[in-house]
Amino acid sequence: MIKLKVNDQQKVFRGDPDQPLLWFLREELSLTGSKYACGIGACGACTVHFNGVPVRSCSMPMSAMSGAEIRTIEGLASPVAKQVQMSWQEMDVVQCGYCQSGQIMSAVALLERNTKPSSKEIDEAMDGNICRCATYQRIRAAIEDSSDKLGA
Amino acid sequence: MDMPLKLFNSANESSLENQSRRQFIKACAASGALIVGAGYLPITSAEQSSRGKHRDALVFNAFVKITPDNRVVVVIKHLDKGQGVTTGLATIVAEEMDANWSQVGWEFAPADATKYNNLFWGPNQGTGGSTAIANSWQQLRNAGAAARAMFVNAAAKKWGVDSSAVTVSDGFVKSSTHRASFGELIELALKEQAPETPTLKSAGQFRLIGKKIPRIDSPEKTTGQATYTQDIQLENMLTALVLYPPQEGGVLVSFDDSAAKKIDGFHAAFKIPKGLAVLATSFWAAKKARDAVIAKWDLASCETRSSEELFKNYRKVAEKAGTAVTQKGDVEKELAHSKAGEHIVEALYQLPYLAHATMEPMNCVALVGDSSCELWFGSQSPTMDQHDASQLLGIAPEKVVINTLFAGGSFGRRACPNDYVVDAIAIARQIKNRPVKMVWTREDDMLRGKYRPMAVHKVRAKVSSKGGISAWHHHSVAQAILRGTPLEGLINGPVEGTLTEGIHDLPYSTASLRVEGTELPSTTSGLWWRSVGHSGNAFAVECFVDQLAHAVEKDPLEFRRALLQGQSRYLGVLNLLAEKADWSKPLPKGHAKGIAVHKAMGSWVAQLAEVSFDKEKNLQVDRVVCAVDCGIAINPDIVKAQMEGSIGFALGAVFGEQVTLEKGVVNQKNFDAYTPLRFSQMPKVEVHIVPSAEPPTGVGEPGVPPLTPAVANAVFALTGKPVYSLPIEL
């Protein structure tokens, strides 16, 4: 039995310890905002926060989740997160939208530890998240907009 | 125009109702709302989403429904796979109705070609070829204006005034003394006859069209609430993975699932035509079970060659004569000799297979009953999918209900007939009356073929030192996408159009022109990839134009302008580009720029790329400027977003995207080897729209073709070496 917190709620997992976190979130908790896209941690569509750090939930086994605090797109509530989502809408970032939960989770994690990231720091934080619609320019604009507003 | 008045809960609607659908209702903890089967989209909530079935809505016509609480619901007959048509199509209706944008909602149309066919595709409902806005433009203006007229006439009668004294603005119907919302007037308005030819606005009266309106799907897509096929959860649903052969065309000989049966959650394993379906109660159990199956395959009919061997053959064929598609003047005679001041230039261009690699791998939820079938997925060709399902199951097409959902990208992949949807149905029919979600892993998605065909272009031309072209000979060699498929009948002419689109109608002035194509058969399947044949054809044409300009020492822009005299819309985008991008201003040392222009799907796009090398001598694209003429830009910000996205999408093919075969086996199985553009590779993109009063044309695809040649031409300018193939290897 593995106990963990998801979006501030205590959860218990009793299944296969090899099962990646993503499928626990999606299928058992019905938190479907985090997406499956590659299954090898190469695209970032499944990004969630693990003790505040962005991780690829498709490649994190449940066996590593004991005592973990997980946050998903559905559980975003911090002022930084709210600002990021607002900036995302203001810049009209989304196209197909499938990768955007992961993009937002990576951006929120970045801005929560560094509200004034440099261009290079933004690159490093976001390079693990593929957007096949290539909304990258607007993602950058939204991150910069959030950074400006959070610093104001 | 046919404007049948029908209440929402009419026979048509209730025919969608059936026992199975009510059976599969399950609370979705994610959204706190219901996930509802059959004909009902899983919705978030009215507050969070503008979308969803509005059950109390009254039907004014096929595209306009209005609720008593004053919501205007636009029925969207096209799939939104990211290109933003939900916003664009709803805008057209809202404009002509004079609705307030905040009251506008939407829902995807059911599969029904009698109402929702693509007007450019005859009796077929579908999304593709960047036609969604273009084919809907007049249809939706009429639908909106007709509904508006019904409200005006109803109000005039109610208030005892002439209809000319009634106006509509911002969602309110008004006279000098009265004011009412649409919701307040719906019962009366529904009694009015819809005008057959409603009065449309003039462009000067537009309040929404041409303005920046936020995407209607933005809130749900930034909060994780948008529902894709992958997110559908139905009660008692099983997840199916398919063990496919390691190569396209392989056939399952035998299998041993004894180890799979021991996996917790395993449900069943059985053969379907394309492989072995493995079903379980969860994705993870299905995947583990599939991994545990031992299968034997007959691969005798599969490809055995490597990409390099295939290309070698393509090049050989390209050097020979092909089937003529366009013939003007005597090209051979012209190319047989050259005088002083004339240059004969030749080049051979090579393009690899490319994968769509949508972020959401192909998937489909299917529920097959005794004489019914219900599907949930991002259906790009609903009536074709409906037809396939009905054929497969031996039931009437109208017994197949399709619930269209957002697609996590398509780029053409979901338009494929007879493919993943058929597999999902083949599985569901064997476990009747129980819903099954068939999902492809990324590896399945990468290995199941349907690639943008590889191609080789051999081009020869004669150019004079004054800049005139007297002969252009072009031979395009590729596989035909539709040859040998059920859609082969769509091939018009001796060579499939994709091989020579954008070439056979070469816009550049030339005294003689011969365009040839040769279709080479392949066991690796091809498919329409964002901008289809244009994606590679523009690369060959526009790189070659720069080589011609270079041969006669002309400026690439001036060279093009001179050869495009009288082609006002080509010149329009080139001129706007030159002005906005400061074409004549030199760049610092170590930087260079290149341009390209191309027309595809009815829109003209010119692009300028600036390139340089980074410290590690890697090519980087620093900036792309884009000019587009798509007629009236319904939503300029979405037009810009589509150009930005197309540029980034195409740039992946410059930097490294390609599907290659090794002894017939695909090398790229996941995003570690197949490499779409990454965040830090995205250049600064500026998009400029040519002001236009022409009817709107597409923007989903036309931004793709000019990008690769613009970059290649910039690399040519930087290094002095022409680029002959993609991805660019230096």
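How many salt bridges does the rule find across the interface of chain B and chain A? Across this interface there are seven, a salt bridge being a side-chain nitrogen of Lys or Arg within 4 Å of a carboxyl oxygen of Asp or Glu. One of the salt bridges joins Lys288(B) to Asp18(A), with the closest N and O atoms 3.6 Å apart.

The model is predicted, so local features need pLDDT of at least 70 and side-chain atom pairs count only at pLDDT 80 or more, while totals for chains, interfaces and linings use all residues. Residues are numbered from 1 along each chain as its sequence is written, chains are lettered from A in the order in which they are written, and side-chain values use heavy atoms, with hydrogens and water left out.

The contact (heavy atoms within 4.5 Å) draws 64 residues from chain B and 50 residues from chain A. Together the two chains bury about 4,700 Å², of which 53% lies on carbon and sulfur atoms; buried area is the accessible area (1.4 Å probe) that two parts lose on being put together, summed over both.

Chain A contains five helices and five strands, where helices (H or I, at least four residues) and strands (E, at least two) are DSSP runs, numbered from the N terminus. Their order from the N terminus is β-β-α-β-β-β-α-α-α-α. The C-alpha atoms of chain A fill a box of roughly 45 × 30 × 25 Å along the principal axes. Of the 152 residues in chain A, 61% are buried, that is, under 20% relative accessible area (1.4 Å probe, protein chains only).

Conventions:
Buried < 20%, exposed > 50% of the residue type's maximum accessible area, 1.4 Å probe, protein only.
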